[in-house]
Amino acid sequence: MGNSALKAHLETAQKTGVFQLTGKGLTEFPEDLQKLTSNLRTIDLSNNKIELLPPLIGKFSFLKSLVLNNNKLTALPEELCKLKKLETLHLNGNHLRQLPAAFGQLSALKTLNLSGNQLRTVPTQLCGLRHLDVVDLSKNQIQNVPDTVGELQAIELNLNQNQISQISVQISHCPRLKVLRLEENCLELSMLPQSILSDSQISLLAVEGNLFEIKKLRELEGYDKYMERFTATKKKFA
């Protein structure tokens, strides 16, 4: 991409606070963006070939939305965790195996999309995020959901299309969790904690495509309680 084209994008971004450059075959984060660290609210560099996010990302202190879907990122820099105003982070379709240790410092984060990466577990760092609403961890390589999940503040957790065969009973203790998606995993019915049905806030449980028939779920103790929450929620949105 020519310098003049980039310059035009930078000038627009300076006025609008939005820098969007998608599907241009970029192999690295445009360093010229440094000039706009105090202007930018949104950066969208989806559908490129970016392998590294440079430490300078930590300087965009007013950034609210960072979108890097379908790149080649294998890791994220710790500096990313300095973005105290970041509310939306989209990283679908990369090669991420883990999150930075300080990821829990992204205190404003509401929406996190990590679908189609190489995560093997639900990152414990997510439990420190108090404003998290939606977490999408679908299409990863997650095999079990650990005890720490009980502290997760999210309203919706998407774990579709993983390899999950075990779930901690602590998931029933998530204080705000209303929607739990577990479609197309490796769950036996005996491995699904019954407390999800009988004793949780969850009002939508999606478990199609596992190692049991859905009608067997209806025979479990607590299913009636779950259906009460399900119906009440449906009425609220009707």
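The legends below describe close-up views of a predicted model.

Residues are numbered from 1 along each chain as its sequence is written, and side-chain values use heavy atoms, with hydrogens and water left out. Because the model is predicted, local features need pLDDT of at least 70 and side-chain atom pairs count only at pLDDT 80 or more, whereas totals for chains, interfaces and linings use all residues.

**View 1. The protein chain as a whole.** The protein chain holds four helices and eleven strands, where helices (H or I, at least four residues) and strands (E, at least two) are DSSP runs numbered from the N terminus. Along the principal axes, its C-alpha atoms fill a box of roughly 65 × 30 × 30 Å. Of the 238 residues in the protein chain, 49% are buried; buried means under 20% relative accessible area, exposed over 50%, and partly exposed in between, with a 1.4 Å probe and protein chains only. Among contacts with a separation of 6 or more, 34% join residues 24 or more positions apart, contact being heavy atoms within 4.5 Å.

**View 2. Helix α1 and its buried face.** Helix α1, residues 3-16, has 14 residues and reaches 20 Å from its first C-alpha to its last, close to the 20 Å expected at 1.5 Å a residue, the expected span being 1.5 Å times one less than the number of residues. Leu6, Leu10 and Ala13 are buried in α1. Seen down the axis of α1, the buried residues fall within an arc of 65 degrees, so they line one face of the helix; the arc is that of the directions from the helix axis to the C-beta atoms. The face turned away from this buried side carries the exposed residues Ser4, Lys7 and Lys15, while what covers the buried residues includes β1 (18-20). Just after α1, Gly17 takes a positive phi of about 80 degrees.

**View 3. The surroundings of Leu40.** Leu40 lies in the loop between β1 and β2 (42-44) and is buried, with a relative accessible area of 0%. Leaving aside neighbours within four places in sequence, Leu40 is in contact with Ala13, Gly17, Val18, Phe19, Leu33, Phe60, Phe62 and Leu63. Ser190 is 150 residues from Leu40 along the chain, and the C-alpha atoms of these two residues are separated by 49 Å.

**View 4. Two loop residues with positive phi.** Asn70, in the loop between β3 (65-67) and β4 (88-90), has a phi near 55 degrees, a positive value in a residue other than glycine. Asn70 is partly exposed, with a relative accessible area of 39%. Gln161, in the loop between β8 (156-158) and β9 (166-167), has a positive phi of about 55 degrees although it is not a glycine. Gln161 is partly exposed, with a relative accessible area of 34%.

View 5. The largest pocket has a volume of about 240 Å³. On a 1 Å grid over the protein atoms alone, a pocket is an open set of points where a 1.4 Å probe fits, with protein on both sides within 12 Å along at least five of seven lines, and lining residues have an atom within 4 Å of a point. Grid points are joined across faces, edges and corners, and a volume is the space filled by probe spheres set on the points. The lining consists of Lys178, Val179, Gln201, Ser203, Leu204, Arg229, Phe230, Thr233, Lys234, Lys236 and Phe237. Helix α4 (residues 223-237) gives the largest share of this lining, six residues. The lining residues divide into four nonpolar, three polar and four charged, where Ala, Val, Leu, Ile, Met, Phe, Trp, Tyr, Cys and Pro count as nonpolar, Asp, Glu, Lys and Arg as charged, and the others, Gly among them, as polar.
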